[in-house]
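Hello,

The structure is below for your files.

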Amino acid sequence: MTEPQPRNSRKLLAIAVLCLVVLGAVVAGQILRSKPDAAAPDAVPPTQVDTKFQRPGAWSEYRPATHLTPGQNWMNDPQRPFFLDGLWHFYYLYNADYPAGNGTEWYHATSTDLVHWKDEGVAIEKYKNGLGDIWTGSAVVDTGNTAGFGKNAVISLVTQQVDGVQRQSLFYSTDGGYTFTSYEGNPVMDNPGVEAWRDPKVVWDQERSRWLMLLAEGSKVGFYTSKDLKSWDYQSGYETTGLGIVECPDIFQMPVDGDPERTTWVLGISANGASSGRTTGYAYWTGSFDGKNFTPDAKDPRWLDAGSDFYAAVTWESPEAHTPPEHRYAMGWMNNWAYASDLPLGDWSGGTMSTIRQLSLRDVEGHPQLFSEPIGALDELEGDPATTPPQLATEDQVASLGKPESDAYRLHVDLAQDQTAPSEDTRIELKDAQGATVVVGYSFKDQKLFLNRDKDKVAGTMPETYREIRSEQLPVHNGQVSLDIIVDTTSVEVFAQDGQAALSSTAFLAPGGHELTVKSLGGTTNVSESTTTPLAVAATQRQ
């Protein structure tokens with residue numbers, strides 16, 4: 001975690017009641033503060049509420065329809081969710097004093113499906129125990145009462161910093177994760193004299209019946225173990241090279257291609273990929289772990305998402321019967337520290353959380369690789385798709401994929417080279433009514449997927465880093481490339497070849513009315529039948 005800068009007869013009665021309920025909802029995955037001093041949102045006219053694919057007119061221009069955001073102020077790092085008593089509990093770093101003051105705390109939201117979120121307010125407050133504000137960490141459900149705070153107590157291990165010194169503190173909750181108490185013995189891990197020593201990731205090591213913690217320690221990931229979540233013993237360190245100061249470490253075990261006889265460990269970090277032509281994101285290695293040391297299969301990491309804005313990512317187990325589960329979920333912070341304070345978001349800052357994706361580990365040419373696809377529950381937001389027939393795109397002929405009027409939508413399309421006049425590059429242009437454009441493309445010549453936002457609505461006022469094209473190597477499959485693209489008012493997320501590659505980036509287009517076209521450079525592209533599906537505003541119930 002990096003600290004942010006200061007900156008609505010019985011039938012008629014039933015209908016009436018339903019309208020009142022809907023009118024009490026906030027839209028778009030938006031998280032609004034539930035405290036009495038929070039400003040209430042502007043009333044939403046019934047005509048707006050009934051239009052489930054349009055954001056309320058009172059919203060700021062860039063408030064997204066399906067992505068989770070705070071009602072105001074600042075958000076950054078997501079904290080790994082946990083499942084308890086039928087609910088997912090999620091926390092994110094939040095600065096209520098932004099932009100005038102600094103310091104983050106843990107803000108709480110709950111969900112039954114990881115798509116619709118309910119605001120629960122601040123769960124762990126900053127500057128309360130003399131050890132500073134609350135940074136990234138992890139929450140676990142102590143089913144075995146190993147820490148002594150009761151069965152199923154929620155224990156959070158977090159980094160706190162005061163006077164420039166980073167330490168690890170323990171907070172516990174006996175009400176299911178809604179409120180936390182600072183442990184009287186904090187810090188449970190004092191700084192050994194290093195500058196970067198943060199972001200504890202805690203998991204239960206089932207094989208050895210103990211807790212495992214990973215810490216980001218400069219360019220190293222430190223491994224620690226504990227029986228009670230309070231006393232920790234150092235085991236080993238995994239050194240990285242060329243990735244800058246690592247943050248938000250992650251570790252888990254998964255079967256390859258769902259085969260329980262072939263499992264592997266995955267070590268992940270948030271890192272800087274500048275040395276390999278990338279930006280910041282989630283890098284990972286597959287390998288083995290013996291309870292003390294992690295041994296990678298290869299020196300160089302892979303990257304879960306090659307877009308500009310998928311940082312501080314967390315992964316967590318899908319509640320399946322398989323051990324280990326065949327799938328995991330993942331979420332990242334859609335922002336980048338190179339321009340985080342420059343984004344023109346309006347009534348909040350810090351970006352959004354990504355669409356939650358489902359991860360699987362699959363064999364690609366003999367090596368395990370993480371695939372990521374949008375979570376299945378996203379289908380609940382889908383309306384009726386608009387379909388376009390198969391078309392050809394040439395240098396002189398543009399293929400039209402329609403003009404969705406919804407503020408958020410999902411585009412499915414396959415692209416293939418025409419064998420008589422093969423194209424070199426194929427570009428899908430997303431253009432708003434004012435002419436701002438984002439391009440999602442594929443180079444058949446270079447076998448590369450790319451995303452370009454250098455002509456979106458704000459690119460001209462942003463740092464050069466914002467205008468850089470992001471790309472990922474990706475081979476064609478059966479002669480074509482399959483794309484699943486999710487567009488919201490401040491983001492474009494691209495999933496290709498059933499999740500083999502992903503590009504997630506903040507991108508600014510005016511809401512609604514985007515014109516979608518396909519252009520081919522250097523030849524002809526066969527454009528499959530495509531579907532464009534509106535995504536409904538995801539309602540969040542206020543308390």
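**Backbone, pockets and rings**

Pro187 lies in the loop between β11 (181-182) and β12, where strands (E, at least two residues) and helices (H or I, at least four) are DSSP runs numbered from the N terminus. The model is predicted, with local features needing pLDDT of at least 70 and side-chain atom pairs counted only at pLDDT 80 or more, while totals for chains, interfaces and linings use all residues. Residues are numbered from 1 along each chain as its sequence is written, and side-chain values use heavy atoms, with hydrogens and water left out.

The bond from Asn186 to Pro187 is a cis peptide, with omega near -5 degrees.

Most residues other than glycine have a negative phi, and most peptide bonds are trans. Asp85, in the loop between β4 and β5, has a positive phi near 55 degrees. Leu229, in the loop between β14 (220-226) and β15, has a positive phi of about 70 degrees. Asp85 is exposed at 74% relative accessibility, whereas Leu229 is buried at 0% (buried is under 20% relative accessible area, exposed over 50%, partly exposed in between, with a 1.4 Å probe and protein chains only).

On a 1 Å grid over the protein atoms alone, a cavity is a set of points where a 1.4 Å probe fits but cannot get out, and a pocket is an open set with protein on both sides within 12 Å along at least five of seven lines; lining residues have an atom within 4 Å of a point. Points are joined across faces, edges and corners, and the volume is the space filled by probe spheres set on them.

The largest pocket holds about 1100 Å³. Its lining has 38 residues, with Val203, Trp204, Gln206, Glu317 and Arg328 nearest the centre. Among the elements giving two or more residues to this lining are β4 (73-84), β8 (133-142) and β12 (198-205); β12 gives the most, with five. By class, the pocket lining has 19 nonpolar, nine polar and ten charged residues (nonpolar: Ala, Val, Leu, Ile, Met, Phe, Trp, Tyr, Cys, Pro; charged: Asp, Glu, Lys, Arg; polar: the others, Gly among them).

The largest cavity has a volume of about 140 Å³. Of its 14 lining residues, Thr66, Leu114, Ser354, Thr355 and Ile356 lie nearest the centre. Ten of the cavity lining residues are nonpolar, four are polar and none is charged.

Strand β9 (residues 153-162) is largely enclosed by the rest of the structure, because eight of its ten residues are buried. Gly137 stands opposite Val158 in β9.

There are 27 aromatic pairs (rings of Phe, Tyr and Trp, the last by its six-membered ring, with centres within 6.5 Å; planes under 30 degrees apart are stacked, over 60 edge-to-face, the rest tilted). Tyr92 and Tyr94 are edge-to-face, at 6.4 Å and 85 degrees, and both are buried. Tyr238 and Phe294 are also edge-to-face, at 5.7 Å and 85 degrees; Tyr238 in β15 (residues 233-239) and Phe294 in β19 (residues 294-296) are 56 residues apart. Ring pairs join Phe90, Tyr92, Tyr94, Tyr107 and Trp117 into a cluster.

Regards

Definitions and conventions
Pairing = 2+ DSSP bridges.
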